[in-house]
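Reader: I have a model open and would like to go through it chain by chain. Can we start with how the elements are named?

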Amino acid sequence: MTAAALDRAPSIGRAFTAQLQRDLTIAFRSRSELINPLMFYVMGISMFPLGVGPGAERLSEIAPGVLWVLALLSTLLSLDALFRRDFDDGTLEQLVLNVDPLFVGVLAKVLAHWLVIGLPLTLLSPLAALMLFLPGAAVPTLVLTLLLGTPILSLLGAVGAALTVGLKRGGLLLTLIILPLYVPVLILGAGAVTAVIDGVDPSAQLAWLAVILALMLTLTPFAAALALRVGLE
Amino acid sequence: MGRLKTVWHRLGSPRWFFEISGPWAIGATAIGLTGIVVGLAWGLAIAPPDYLQGNSFRIMYLHVPAAILSESCYILMGLAGAVLLIWRMKLADMVVAAAAPIGAVFCVVALLTGAIWGRPTWGTWWVWDARTTSMLVLLFLYFGVMALRQAVPREETAGRAAAILAVVGMVDIPIIKYSVDWWLTLHQTSTFKLTSAPSMPAEMYLPLLVSVLGFYAFFFGVLLFGVGNEVLVRERRTQWVNDLVRSRQP
Amino acid sequence: MSFASWHDFLYMGGHYPFVWSAYAIGVLGIVVTLLRPLRARRRFFAEQGQRLRRQTSLESGNAERVDASRSS
């Protein structure tokens, strides 16, 4: 940061963009790591035809659930890294001690996480839907539910990651803690897609997803910030 | 109001709680056990058999209290967690620690008895209906709180982390319940209801009431005792606990 | 009494495996919930008692050594 930049009074907007920029830069530095969650998504989806049989009928029946569950798992697996790298090299403590409110930094990290994992997943989902013979009419709904749902997954996941930061084998514990909290998102997301397949209007599920997203956007950054402070004390 | 405020302030001292809670714990547990025994015996032997379900409905006298209590316990845990985080009352942390295993056991009992009840009634051991599914998720939530508490090495940090998770879980429970109900109306062909008709004849309802109240009292008593244990453990290096230990030595 | 005899009671109109296994689980749950904290408290006093005894013997041992070194 230049001397001129340091002289400027801290502002929430600037703190947010600075953190976001930093996390995105770090994420893009290791290209191979970026691909991993996406590869996991595709590989995991492929396991189902291999396990269940290639029949289109059965696969298309389970497609909404499988596509959603795998999105969940891919997000879960990448959550541990959300705070861990910064914890390991001390930048997390800096963030907590910073003069800017912590929830801003947390929100920026969550956005970075979503941009790098949730959003690509959402964009990849039509391809995955193809592999499971999801009816074409349902694909836009699938993408929409993932678009609404993956941020919720990142937000809730951040709370779990904050609670387990610094724990030695925190990764598995993180998944155990977060999964029950993911249940509503899974039900609503997969349910909306199934509704479309059945010819039912999914707008109720979509509306609920939007409500939950709004709720989580306002609450989870504070919960995660508190959890970080607790974990680092 | 002033009386309540005094109690609230006194609760800031775990030692005061320990010294006060003993007789209450014993009393509540005794009353609870009596209520449970009476309620269960009444429900087992005296209540008339159900028109549709025959005698297996008697499992209700165990299943329903266990289910109700496991949910109340989680809410209590979440509220205690909030108290810990907002007012930093140490005793609240001990309530969270003591309540979690009790609630989890009740949750398991509710799930198992529910499954056993389901077998003769609907022909399957497990059914994904609203109650069983949300009860299962509740068990996962309990497990998360207990696991997190165990995993964090420092006592105070562990307590606060578990409290955060308990509060998040508590806020999430209504969301989970609504979404599970939704999930069912979407997928189920027939909806199962565990309490078959809301209007139960008095001979069936009364023993259930006694049983539920008994379970509540029992829970309260055992919880007080468990919190007392947590107080002892947390304050084990203090003078008053050391004196207490010495006085209990053979 | 809704049952004519003890036998009828135990038989539960044919539902006896379900009713009795469920009640066994329930009673087990109640017993476990009751006994766990009782045992934990007993264990606490036993362990802390041991710790205190070890502490006092260490302290008295040190005191003896200090006295011994002082007198020598």
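Author: Helices here are DSSP runs of at least four residues, numbered from the N terminus. By that count, Trp8(B) is found in helix H1 of chain B, residues 2-10. Note that this is a predicted model.

Reader: Is Trp8(B) buried or exposed?

Author: Trp8(B) is exposed, because 12 other C-beta atoms lie within 10 Å, and a residue with 12 or fewer counts as exposed.

Reader: And how far apart are Trp8(B) and Arg248(B)?

Author: Their C-alpha atoms are separated by 30 Å, and along the chain the two residues are 240 residues apart.

Reader: What is the rest of chain B made of?

Author: Chain B has eight helices and zero strands. Its C-alpha trace spans about 60 × 40 × 40 Å along the principal axes. Of its 250 residues, 48% are buried.

Reader: How much of the contact set in chain B joins residues 24 or more positions apart?

Author: Such pairs account for 80% of the contacts in chain B with a separation of 6 or more.

Reader: Switching to chain A. How many helices and strands?

Author: Chain A comes to ten helices and zero strands. Buried residues make up 47% of its 233 residues. For contacts between residues at least 6 apart in sequence, 80% join residues at least 24 apart.

Reader: What about the overall dimensions of chain A?

Author: The C-alpha atoms of chain A fill a box of roughly 60 × 35 × 30 Å, taken along the principal axes. The radius of gyration of chain A is 19 Å, which agrees with the value near 17 Å for a compact globule, because that is what 233 residues would give.

Reader: Now the interfaces. Which pair of chains has the most contacts?

Author: Chains B and C, among the two pairs of chains that touch. No contact joins chain A and chain C, and their closest C-alpha atoms lie 24 Å apart.

Reader: How many residues are involved between chain C and chain B?

Author: 27 residues of chain C are in contact with 35 residues of chain B. On the chain C side, helix H2 of chain C, residues 16-71, gives the largest share, 20 residues. By class, that side of chain C has 17 nonpolar, nine polar and one charged residues.

Reader: And between chain B and chain A?

Author: There, 23 residues of chain B are in contact with 23 residues of chain A. On the chain B side, helix H5 (130-151) and helix H6 (155-187) each supply at least two residues. H6(B) gives the most, with 14 residues.

Reader: What classes do the residues on that side of chain B fall into?

Author: The side of chain B that touches chain A divides into 18 nonpolar, three polar and two charged.

Reader: Last topic, the largest nonpolar core. How many residues, and which have the most contacts inside it?

Author: It has 155 residues, and those with the most contacts inside it are Leu67(A), Ala227(A), Val96(B), Ala99(B) and Ile164(B). Helix H4 of chain B, residues 90-122, contributes the largest share of this core, 19 residues.

Reader: Take Ala99(B). What is it in contact with, leaving aside neighbours within four places in sequence?

Author: Ala99(B) is in contact with Cys73(B), Leu76(B), Met77(B), Ala80(B) and Leu223(B).

Terms used
Residues numbered from 1 in each chain as written. Chains lettered and ligands numbered in written order. Predicted model: local features only at pLDDT ≥ 70, side-chain atom pairs only at ≥ 80, totals over all residues. Rg over C-alpha atoms; globule rule 2.2 N^0.38 Å. Buried ≥ 20, exposed ≤ 12 C-beta atoms within 10 Å, placed from the backbone. Contact = placed C-beta atoms within 7 Å. Nonpolar A, V, L, I, M, F, W, Y, C, P; charged D, E, K, R; others polar. Core = buried A, V, L, I, M, F, W, Y, C linked by C-beta atoms within 7 Å.
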